[in-house]
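Let's work through a few exercises together. Have the coordinates open and try each task before you read its solution.

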Amino acid sequence: RPRLLQPRHPAVGCQRPNLAPTLDLATADAAELAGTFLRGQKRCTMKILVVGGTRFFGLDVVRTLSARGDHVVVLSRRSVSAFAGASVRAMTGLRTDLAILEAVRDEAARRPFDAVFDNIAMDGSDVSSLLDVLKGRVDHYVLTSTGSVYPATDDSDPLVEEQWEPHDDIGTSAHVGAYGVGKRRAEQTLH
């Protein structure tokens, strides 16, 4: 079950706010998801790595977290200079580049990440390489996935989370394709 994120290393004098027990990930959009992790009169600043944060919902996540005052590190292959500021650190490069992975490891060594929002993992190796450099330095990993990780169903039957069996082979049908298989492997790596 999804849990709301709490800062792992709160700042001195920071009080943890009251937290709701769960968040329905199926009905939350990315900005709502980022914005509802912590609520309360006084909240702790979180350190969050956003992989792929310059377009689509990754952009919304970065904007929302930054506006909340969280320390955001954006890893993107595109320039993220528009975000550069007190609460956003930009890292430009590919997630497969060893120098970038070392920079992520160094950043986590300074202060571990409370969470990772991974918007661009395409396969299990993308997730495992990041987890390897973050060993013990990240509390939550949020993976953006796809409906293609579920088996094909009749259009009248909605897909539900319970239909996802992490280690089932979903094949390579037209519904799933290589994209769905890769995303399934990414999810399996986290399971």
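**Exercise 1: the cavity lining**

Task: find which helix or strand gives the largest share of the lining of the largest cavity.

Solution. H4 does, with three residues; helices (H or I, at least four residues) and strands (E, at least two) are DSSP runs numbered from the N terminus. The model is predicted, so local features need pLDDT of at least 70 and side-chain atom pairs pLDDT 80 or more, while totals for chains, interfaces and linings use all residues. Residues are numbered from 1 along each chain as its sequence is written, and side-chain values use heavy atoms, without hydrogens and water.

Next, list the lining: Val-51, Leu-75, Arg-95, Leu-101, Asp-126, Ser-129 and Leu-130. On a 1 Å grid over the protein atoms alone, a cavity is a set of points where a 1.4 Å probe fits but cannot get out, and lining residues have an atom within 4 Å of a point. By class, four are nonpolar, one is polar and two are charged.

Finally, the volume is about 30 Å³, counted as the space filled by probe spheres set on the points, which are joined across faces, edges and corners.

**Exercise 2: the helix itself**

Key:
On a 1 Å grid over the protein atoms alone, a cavity is a set of points where a 1.4 Å probe fits but cannot get out, and a pocket is an open set with protein on both sides within 12 Å along at least five of seven lines; lining residues have an atom within 4 Å of a point. Ala, Val, Leu, Ile, Met, Phe, Trp, Tyr, Cys and Pro count as nonpolar, Asp, Glu, Lys and Arg as charged, and the others, Gly among them, as polar.
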